[in-house]
Amino acid sequence: MEEASPSLLSCSKPHLEKLTLGITRILESSPGVTEVTILEKAPAERHMISSWEQKNNCVMPEDLKNFYLMTNGFHMTWSVKLDEHIIPLGSMTINSISKLTQLNQSSMYSLPNAPTLADLEDDTYEASEDQPEKPHFDSRSVIFELDSCSGNGKVCLVYKSGKPASAQDTEIWFLDRALYWHFLTDTFTAYYRLLITHLGLPQWQYAFTRYGISPQAKVSAYKQKANMGSQWQIIGNQCE
């Protein structure tokens, strides 16, 4: 069975402490934070990784492979208490292997001759010193969804040169709701550290876009950072 029931974290589970880089204790001791919860998942078996590679004709990056051998996916949430109300705030997710699926290239609408993702692609973006060449929705790139970002976009594992795809050819990108691409990191490990550092705050991925986080999400993030004070810096230091 892949998943166990959600449970409150504690220091009696060292493997969870290692997986979350110790932020669970910091969150649980932060003013106003409550219901720090992780959905425990069993490690993936090696044949599951091999099957994914054969099915998709892609070699999984070694750091992502090692992550799945520790836990077949990841989902951690936490809430804040305002007055007498419990409000869900942070959500950190990495899809399991079975949900690490290729972005659908078929028609976006169930109508004859409806446009595909490739038809809607924006070709005005060009690579620069600050940004590498963006992914493509056609066969030039192979794209897999790591996180649906609660409907605010998608974090994707991108193979930049099509199939057959090598592990050295991967990057992590954010696809916003308007179908624009934004580079995040070169490796899954670096992305995971970003995820932990930002605590899964709403829309944190938009900090890596040219238009930034929405005012509403920014207010929530700033309030929580202020409440955590110096503990926020501790999290950043642990992720370096």
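The model is predicted, and its local features need pLDDT of at least 70, side-chain atom pairs count only at pLDDT 80 or more, and totals for chains, interfaces and linings use all residues. Residues are numbered from 1 along each chain as its sequence is written, and side-chain values use heavy atoms, with hydrogens and water left out.

Helix α3 spans residues 46-56, and within it I49, W52, E53 and N56 are buried, that is, under 20% relative accessible area. These residues lie on the same side of α3 because they cover an arc of only 95° around the axis, the arc being that of the directions from the helix axis to the C-beta atoms. Helices (H or I, at least four residues) and strands (E, at least two) are DSSP runs, numbered from the N terminus. The buried residues of α3 pack against α4 (62-70), β5 (142-147) and β6 (154-159), where contact means heavy atoms within 4.5 Å. Just after α3, N57 adopts a positive phi of about 55°.

From β6 the description passes to β7. These two strands pair in the antiparallel sense over six bridges; pairing requires that DSSP find at least two bridges between two strands. V155 has F174 of β7 as its bridge partner, and F174 in turn has H182 of β8. Strand β8 (residues 181-185) runs antiparallel to β7, with four bridges joining them. Five residues lie between the strands of this hairpin, in which L179 takes a positive phi near 70°.

Strand β7 (residues 170-175) is mostly covered, six of its six residues being buried. T170, I172 and F174 point one way, whereas E171, W173 and L175 point the other way.

Notes:
Buried < 20%, exposed > 50% of the residue type's maximum accessible area, 1.4 Å probe, protein only.
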